[in-house]
Amino acid sequence: MTIENARPGPPVTSPSIVLLTLAHRIETELGAALAPLGLTVSRLGLLAHIAGVPGASFSDLARMSGITVQSVHTAVKALSGAGLVRDNTARAGSASAIEITSEGERLMREATKALAGVDERLFGPDADPIQRQIADAVRAAFEARP
(Lines give C-alpha, C1' and ligand atoms only; values in the text may rest on other atoms or scores of the structure.)
Protein backbone atom coordinates (compact mmCIF):
# COMPACT_ATOMS: atom_id res chain seq x y z
CA MET A 1 0.00 0.00 0.00
CA THR A 2 1.38 3.41 -0.93
CA ILE A 3 0.86 6.54 1.05
CA GLU A 4 0.94 8.88 -1.94
CA ASN A 5 -1.62 11.63 -2.13
CA ALA A 6 -3.59 11.03 -5.31
CA ARG A 7 -5.19 14.45 -5.16
CA PRO A 8 -4.64 16.63 -8.20
CA GLY A 9 -2.82 19.94 -7.87
CA PRO A 10 -4.67 23.24 -7.80
CA PRO A 11 -6.40 24.25 -11.03
CA VAL A 12 -4.77 26.71 -13.35
CA THR A 13 -5.83 30.23 -12.43
CA SER A 14 -8.03 31.65 -15.17
CA PRO A 15 -8.08 35.46 -15.31
CA SER A 16 -11.49 35.20 -16.99
CA ILE A 17 -12.99 33.22 -14.13
CA VAL A 18 -11.35 35.39 -11.45
CA LEU A 19 -12.61 38.59 -13.08
CA LEU A 20 -16.10 37.22 -13.75
CA THR A 21 -16.39 36.13 -10.12
CA LEU A 22 -15.21 39.51 -8.90
CA ALA A 23 -17.48 41.33 -11.38
CA HIS A 24 -20.48 39.42 -10.07
CA ARG A 25 -19.61 40.42 -6.51
CA ILE A 26 -19.10 44.07 -7.52
CA GLU A 27 -22.40 44.17 -9.40
CA THR A 28 -24.25 42.64 -6.45
CA GLU A 29 -22.72 45.08 -3.93
CA LEU A 30 -23.16 48.10 -6.19
CA GLY A 31 -26.74 47.11 -6.99
CA ALA A 32 -27.53 46.97 -3.29
CA ALA A 33 -25.87 50.36 -2.70
CA LEU A 34 -27.75 51.98 -5.60
CA ALA A 35 -31.18 50.49 -4.81
CA PRO A 36 -32.06 53.14 -2.17
CA LEU A 37 -31.40 55.77 -4.86
CA GLY A 38 -33.80 54.08 -7.27
CA LEU A 39 -30.95 53.21 -9.64
CA THR A 40 -29.61 49.99 -11.10
CA VAL A 41 -26.04 49.42 -12.25
CA SER A 42 -27.17 49.64 -15.89
CA ARG A 43 -29.11 52.85 -15.37
CA LEU A 44 -26.16 54.38 -13.53
CA GLY A 45 -23.92 53.51 -16.48
CA LEU A 46 -26.32 55.06 -18.96
CA LEU A 47 -26.77 58.16 -16.81
CA ALA A 48 -22.97 58.51 -16.55
CA HIS A 49 -22.63 58.26 -20.34
CA ILE A 50 -25.29 60.95 -20.78
CA ALA A 51 -23.54 63.18 -18.23
CA GLY A 52 -20.14 62.58 -19.81
CA VAL A 53 -21.23 63.11 -23.41
CA PRO A 54 -23.89 65.85 -23.49
CA GLY A 55 -25.97 65.73 -26.63
CA ALA A 56 -25.23 62.04 -27.27
CA SER A 57 -27.64 60.33 -29.61
CA PHE A 58 -29.48 57.10 -28.88
CA SER A 59 -27.08 55.31 -31.21
CA ASP A 60 -24.07 56.80 -29.43
CA LEU A 61 -25.43 55.70 -26.07
CA ALA A 62 -26.15 52.19 -27.36
CA ARG A 63 -22.57 51.85 -28.62
CA MET A 64 -21.08 53.17 -25.39
CA SER A 65 -23.32 50.95 -23.24
CA GLY A 66 -23.09 47.81 -25.33
CA ILE A 67 -26.87 47.51 -25.58
CA THR A 68 -29.43 47.90 -28.36
CA VAL A 69 -30.82 51.24 -29.46
CA GLN A 70 -34.29 50.01 -28.45
CA SER A 71 -33.02 49.28 -24.92
CA VAL A 72 -31.55 52.78 -24.77
CA HIS A 73 -34.89 54.28 -25.86
CA THR A 74 -36.67 52.37 -23.09
CA ALA A 75 -34.12 53.33 -20.44
CA VAL A 76 -33.96 56.99 -21.50
CA LYS A 77 -37.75 57.16 -21.41
CA ALA A 78 -37.68 55.90 -17.82
CA LEU A 79 -34.85 58.28 -16.86
CA SER A 80 -36.72 61.15 -18.51
CA GLY A 81 -39.94 60.22 -16.71
CA ALA A 82 -38.02 60.38 -13.43
CA GLY A 83 -36.75 63.85 -14.34
CA LEU A 84 -33.12 62.75 -14.58
CA VAL A 85 -32.52 63.44 -18.29
CA ARG A 86 -34.18 65.36 -21.09
CA ASP A 87 -34.23 64.83 -24.83
CA ASN A 88 -33.84 68.18 -26.56
CA THR A 89 -35.11 66.88 -29.89
CA ALA A 90 -36.62 69.78 -31.77
CA ARG A 91 -39.09 67.59 -33.68
CA ALA A 92 -39.90 64.00 -34.43
CA GLY A 93 -37.45 62.47 -36.88
CA SER A 94 -34.57 64.77 -35.99
CA ALA A 95 -31.45 63.64 -34.15
CA SER A 96 -31.77 63.43 -30.39
CA ALA A 97 -29.70 65.53 -28.03
CA ILE A 98 -30.03 63.85 -24.65
CA GLU A 99 -28.67 65.60 -21.57
CA ILE A 100 -28.71 65.18 -17.82
CA THR A 101 -30.91 67.44 -15.68
CA SER A 102 -29.95 69.10 -12.40
CA GLU A 103 -31.85 66.33 -10.59
CA GLY A 104 -29.86 63.78 -12.59
CA GLU A 105 -26.64 65.53 -11.59
CA ARG A 106 -27.70 65.43 -7.92
CA LEU A 107 -28.47 61.72 -8.18
CA MET A 108 -25.11 61.12 -9.90
CA ARG A 109 -23.35 62.74 -6.92
CA GLU A 110 -25.23 60.43 -4.55
CA ALA A 111 -24.45 57.41 -6.74
CA THR A 112 -20.78 58.41 -6.79
CA LYS A 113 -20.77 58.34 -2.98
CA ALA A 114 -22.39 54.89 -3.04
CA LEU A 115 -19.79 53.70 -5.56
CA ALA A 116 -16.97 55.05 -3.39
CA GLY A 117 -18.34 53.01 -0.47
CA VAL A 118 -18.37 49.85 -2.57
CA ASP A 119 -14.84 50.57 -3.80
CA GLU A 120 -13.70 51.05 -0.20
CA ARG A 121 -15.27 47.77 0.96
CA LEU A 122 -14.06 45.70 -1.97
CA PHE A 123 -10.70 47.32 -2.73
CA GLY A 124 -9.76 49.50 0.26
CA PRO A 125 -7.15 48.85 2.95
CA ASP A 126 -9.27 46.24 4.75
CA ALA A 127 -10.19 44.32 1.59
CA ASP A 128 -8.78 41.01 0.43
CA PRO A 129 -5.13 41.57 -0.64
CA ILE A 130 -5.71 40.02 -4.06
CA GLN A 131 -8.65 42.34 -4.71
CA ARG A 132 -6.46 45.30 -3.70
CA GLN A 133 -3.82 44.11 -6.20
CA ILE A 134 -6.45 43.90 -8.93
CA ALA A 135 -7.64 47.43 -8.14
CA ASP A 136 -4.05 48.71 -8.19
CA ALA A 137 -3.50 47.08 -11.60
CA VAL A 138 -6.69 48.64 -12.98
CA ARG A 139 -5.77 52.09 -11.69
CA ALA A 140 -2.23 51.77 -13.08
CA ALA A 141 -3.56 50.71 -16.48
CA PHE A 142 -5.77 53.78 -16.72
CA GLU A 143 -3.21 56.19 -15.30
CA ALA A 144 -0.78 55.10 -18.02
CA ARG A 145 -3.22 56.03 -20.79
CA PRO A 146 -2.33 59.15 -22.78
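**Figure 1. Fold of the predicted protein chain.** Along the sequence, the elements run α-α-α-α-β-β-α-α, with helices (H or I, at least four residues) and strands (E, at least two) taken as DSSP runs numbered from the N terminus. The radius of gyration of the protein chain, over C-alpha atoms, is 21 Å, well over the 15 Å that the globule rule gives for 146 residues, so the chain is more spread out than a compact globule. That rule is 2.2 Å times the number of residues to the power 0.38. Along the principal axes, the C-alpha atoms fill a box of roughly 85 × 35 × 30 Å. This is a predicted model, in which local features need pLDDT of at least 70, side-chain atom pairs count only at pLDDT 80 or more, and totals for chains, interfaces and linings use all residues. Residues are numbered from 1 along each chain as its sequence is written, and side-chain values use heavy atoms, without hydrogens and water.

**Figure 2. Buried face of helix α3.** In α3 (residues 58-65), Phe58, Leu61 and Ala62 are buried (under 20% relative accessible area, 1.4 Å probe, protein chains only). Seen down the helix axis, the buried residues of α3 fall within an arc of 100 degrees, so they line one face of the helix; the arc is that of the directions from the axis to the C-beta atoms.

**Figure 3. Surroundings of α3.** The buried residues of α3 pack against the helices α2 (41-52) and α4 (69-81) and the strands β1 (85-87) and β2 (98-100), where contact means heavy atoms within 4.5 Å.

Methods: Buried < 20%, exposed > 50% of the residue type's maximum accessible area, 1.4 Å probe, protein only.
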